[in-house]
Amino acid sequence: MKLPILSLTTILTLTLGTLQTAQSQTIPKEELIFLTSEWKGERFPDGRPKISDDLVRRAKEINIEEAWVVLKNEGYNCQFEGNWKIVHDDVVIAGRALTAQFTPSRPDLEKNIKDRGAKQGRIGNTNSWPIDMLSKGDVYVADGMGKIVEGTLIGDNLANSIYAKTGNGVVFDASVRDLDGLSKIPGFNAFVRDFDPSYLKDAVVTGINTPIRIGRAVVLPGDLVLAKKEGVIFVPAHMVEKVVQTAEFIALRDKFGIQMLKEGKYTPGQIDSQWTDTLKNDFLKWLDKNPNEIPMKRSELDEYMKKRTW
């Protein structure tokens, strides 16, 4: 079998693309892989874990409370943050985190960062640099120090660029401007500390694709971001499959349990206690009669239930 012969132009393009990806973030790719070493699956060229599109899609339908319980039981105690202002209450955000760290600016720090950025081909203010790295399904997550006045990381122009690249929204421990314009972007959403008419000032990006803190939560690049009205939860990439499957199973149990209660076949005490074999068998029969209620493959559900203690 003959291997394709690549032109010099193609080789240079691929090489430069890899170098630009490596230079765009502020920790080495190897360090990012080390920090997320529990993840054993596919990765982006920048080293971030690449959670499957199917899991991201399914995660959009699960409840934050159920995801929180699974993470809490596994010792992940700092993954949820609440107290947000939201552009659209009814638009859920689910995707892979691309992170940015902002700090107060000072002349020497900002000069060095911008000089390095210029050599790397960076254009514009540093708050636009993470946007250049976004891809479909990403969520731009930024620690903006909780700054509101002169802490506006984006307005409607940058928001349109973000949505065009990702089909998703943003989560900022900071503010944004142009609320009217943001609200007119169909499908876009922003979870922020507040809205303010001011421009960004005295803030500079000091980390891209680095671990960051969002309120009381810690976020690593590639984490699953799930943002709903009650708040935002950040699920470590290697935990996503377990979180999604468990949440989906709990939702199925609840649907079955509610139906049984409405029919008067079981009491609340029976539904909320350890299930008997009879109750389990009725649940399995219900699954057979209601295949459209099952969000995953039936074989995947059956395999999950073998390990379930109910």
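1. In this predicted model, Lys228 has Gly231 of strand β12 as its bridge partner. The two strands concerned are β11 (residues 224-228) and β12, which pair in the antiparallel sense over 5 bridges, and together they form a hairpin with 2 residues between them.

2. Is strand β12 buried or exposed? Of the 5 residues in β12 (residues 231-235), 5 are buried, so the strand is largely enclosed by the rest of the structure.

3. The side chains of a regular strand alternate between the two faces of the sheet. In β12, Gly231, Ile233 and Val235 point one way, while Val232 and Phe234 point the other way, and all of them are buried.

4. Turning to the helices, the axes of α11 (residues 277-289) and α12 (residues 298-307) come within 12 Å and cross at roughly 170 degrees. Angles over 145 degrees count as roughly antiparallel, and α11 and α12 are therefore roughly antiparallel to each other.

5. Which residues make the contact of these two helices? On the side of α11 they are Phe283, Leu284, Leu287 and Asp288, and on the side of α12 they are Arg298, Leu301 and Met305.

How values were computed
Residues are numbered from 1 along each chain as its sequence is written. This is a predicted model: local features need pLDDT of at least 70, side-chain atom pairs count only at pLDDT 80 or more; totals for chains, interfaces and linings use all residues. Side-chain values use heavy atoms; hydrogens and water are left out. Axes are lines fitted to C-alpha atoms, for helices over the stretch in contact, and angles run from 0 to 180 degrees between N-to-C directions. Helices (H or I, at least four residues) and strands (E, at least two) are DSSP runs, numbered from the N terminus. Angles under 35 degrees count as roughly parallel, over 145 as roughly antiparallel, 65 to 115 as roughly perpendicular and the rest as oblique. Contact means heavy atoms within 4.5 Å. Buried means under 20% relative accessible area, exposed over 50%, partly exposed in between (1.4 Å probe, protein chains only). Two strands pair if DSSP finds at least two bridges between them.
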